[in-house]
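This report covers a surface patch, a helix pair and some backbone angles. Please have the sequence and the structure at hand while reading.

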Amino acid sequence: QVGFVYQKHNLVPRLSALSNVLHGALTRAAPGRAWFQGTAPRALREEAMHCLDRVGLADKALQRADRLSGGQSQRVAVARALMQRPRFLVADEPAASLDPVSGDEVMGLFASLERQEGLTLLFTSHDLGHALAHADRVIALNQGRVVKDTPSTDTNVAELRALYDHRSAND
């Protein structure tokens, strides 16, 4: 019950958004049945459409993945993860390859999935603003060690930035 959203979207470029989302059900479907929307059972196609709807992209279901914007591609990747029916979602730098507006939209999508569907989200980010705005708790690592573990409301960007400032670490 763990879903994973990669930093790179890892979509199959020539396939539709719907077919890419269906790939999230590969372990649940008969071999080859979830690879293409045309061979997938109706119930899986409907579930994949529901996942696309949850990320606001039902209208892009038949569009090829290589025709989507970066933010749309990342949302298709989120829909693919949702197709795995996770209770726990791990996202590796989910906004790193996106422009600031798309990055905020994707992070907001994660927050709404947490609230509305009770998903638990663990995400990594070098964007301290995203960490504070979208996380309940911030765990900061420096050289493999936990240097801060606190509710996000109990810290700020300046405190977090200071943890990584090499000059202050050497003083």
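Which residues form a nonpolar patch on the surface? The patch consists of Val2, Phe88 and Leu122, with about 260 Å² of accessible area together. Patch residues have over 30% relative accessible area and no salt bridge, and nonpolar side chains (Val, Leu, Ile, Met, Phe, Trp, Tyr) are joined within 5 Å. A salt bridge is a side-chain nitrogen of Lys or Arg within 4 Å of a carboxyl oxygen of Asp or Glu. Areas come from the Shrake-Rupley method with a 1.4 Å probe.

The model is predicted: local features need pLDDT of at least 70, and side-chain atom pairs count only at pLDDT 80 or more, while totals for chains, interfaces and linings use all residues. Residues are numbered from 1 along each chain as its sequence is written, and side-chain values use heavy atoms, without hydrogens and water.

Leu122 lies in strand S3 (residues 120–124). Helices (H or I, at least four residues) and strands (E, at least two) are DSSP runs.

Buried means under 20% relative accessible area, exposed over 50%, and partly exposed in between.

| Residue | Phi | Relative accessibility |
|---|---|---|
| Asn10 | about 55° | 48%, partly exposed |
| Glu93 | about 45° | 11%, buried |

Asn10 is in the loop between strand S1 (2–5) and helix H1 (17–22), and Glu93 is in the loop between strand S2 (88–92) and H4.

The axes of helix H3 (residues 70–82) and helix H4 (residues 100–117) come within 9 Å and cross at roughly 20°. H3 is therefore roughly parallel to H4 (angles under 35 degrees count as such).

How values were computed. Patches are made of residues with over 30% relative accessible area and no salt bridge: like charges are joined within 9 Å, nonpolar side chains (Val, Leu, Ile, Met, Phe, Trp, Tyr) within 5 Å. Axes are lines fitted to C-alpha atoms, for helices over the stretch in contact, and angles run from 0 to 180 degrees between N-to-C directions. Angles under 35 degrees count as roughly parallel, over 145 as roughly antiparallel, 65 to 115 as roughly perpendicular and the rest as oblique. Buried means under 20% relative accessible area, exposed over 50%, partly exposed in between (1.4 Å probe, protein chains only).
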